[in-house]
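Let's take a friendly walk through a protein chain, one region at a time. Have a look at the picture first, then read on.

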Amino acid sequence: MIRHCKISDIDLRNKIKKGEICFGGNRKLKIYGTLKCSSGKRMKRENRVFFLSENEAKENGFRPCGHCMKTNYQNWKMDLFNPQTDENTNLLPKDGTVNYYGKLFSKSESDFYRDTFLNSIEWKNDEAIIFGKLILTKRKVAWYGDQEFEYTYSNTTKKALTWTAELLELKKIIEEKTGETFNSCLLNLYHSGEEGMAWHSDAEKDLKKNGAIGSVSFGAERKFAFKHKETKETVSLILEHGSVLVMKDETQTHWLHRLPPTKTTSKPRVNLTFRTIVG
């Protein structure tokens, strides 16, 4: 690592020409990026450092710039939120169980399911009755199941449609992978990062108490967060394209979860939540 204030401009240009300097960084913020990055050009000379390689920058504790190295930054963020854990690891510290299986499907498979569901599902704007007033959300939903199950939440009731071939196919895959069984699926379509979901828990009386909910994500990769209802502890991760997450046991009793809005993506996300309806 070379500090800008310790090297002359002539030596700097020579090292860049020789390929001895390939990346710049902000020693105060611990961020590195390309030499052409507009953000890097604005920093003070005393804070600027240079590196031969990305490995050198990482070894010194720097992370990629979100402006000039977007892909590297997204990969770094994935590693930050999704540490290397296996599917048997419980992401919650107490009072529930959440297992993240990571990417269960290849990119081509995930792209196929995303595009199929975007175009074939009978999407409708979600409805909620708040203080006696009917509210329509930008987010769209659909409800499918083994039979015409009724599911009530936000003071509105939905009747399940008949499974599509692709939904049944996915249901079988998720059941075999997780060892759980499901009889219905609530699908959510978030058209862009501007659409999200507020803090809530899935503890409606129609659902099996402490039953498993299998969440499958296709499309834009989004942050997903949990918050303990009493201690306010939080746990977050990134739900990847083609990934599976299972919430079960007392999770819905003690934890809230949400999908926060974000300006980092304009792409759609299709989320399938396989559930068990009782009664």
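Predicted model: local features only at pLDDT ≥ 70, side-chain atom pairs only at ≥ 80, totals over all residues.

## A hairpin to start with

One of the residues to look for is Lys223, whose bridge partner in E16 is Ile238.

What lies between the two strands of this hairpin? There are five residues there, and in this hairpin Lys232 takes a positive phi near 70°.

## The chain as a whole

Now zoom out. The secondary structure of the chain comes to seven helices and 19 strands, and the C-alpha atoms fill a box of roughly 75 × 40 × 40 Å along the principal axes. The chain has 279 residues, and buried residues make up 46% of them.

How do parts of the chain meet one another? Take the contacts between residues at least 6 apart in sequence: 71% of these join residues at least 24 apart. As for charge, the chain carries 47 positive and 36 negative side chains, and the centres of the two sets lie 11 Å apart.

## A sheet of five strands

Next, look for an open sheet with mixed pairing, whose five strands follow the order E1-E4-E2-E3-E5. Its edge strands are E1 (2–3) and E5 (63–64), each of which pairs on one side only.

E4 runs antiparallel to strand E2 (residues 23–26), and four bridges join the two; here Gly24 stands opposite Phe50. E4 also pairs with E1 in the antiparallel sense, over two bridges, and in that pair Phe50 is the bridge partner of Ile2. Which way do the residues of E4 point? Arg48 and Phe50 point one way, while Val49 and Phe51 point the other way, and all are buried.

Follow the chain to the loop between E5 and helix H4 (70–81), where Cys65 has its place. Is Cys65 buried or exposed? Cys65 counts as buried because its relative accessible area is 7%, and the cut-off for buried is under 20%.

Leaving aside residues up to four places away in sequence, Cys65 touches Ile31, Tyr32, Gly33, Cys37, Lys70 and Tyr73. Compare that with Glu87: Cys65 and Glu87 are 22 residues apart in sequence, and their C-alpha atoms are 30 Å apart in space.

## Helix H5

Our last stop is helix H5 (residues 107–120), which has 14 residues. From its first C-alpha to its last, H5 reaches 20 Å, close to the 20 Å expected at 1.5 Å a residue.

Which residues of H5 are buried? They are Ser110, Asp111, Tyr113, Thr116 and Phe117. An α-helix has 3.6 residues a turn, so residues three or four places apart point the same way. The cover over the buried residues of H5 includes helix H6 (165–178), strand E14 (213–219) and strand E19 (269–275).

Note on methods. Residues numbered from 1 in each chain as written. Heavy atoms only, no water. Expected span 1.5 Å × (residues − 1). Buried < 20%, exposed > 50% of the residue type's maximum accessible area, 1.4 Å probe, protein only. Contact = heavy atoms within 4.5 Å. Pairing = 2+ DSSP bridges. Lys, Arg positive; Asp, Glu negative; His and termini not counted. Charge placed at Lys NZ, Arg CZ, Asp CG, Glu CD.
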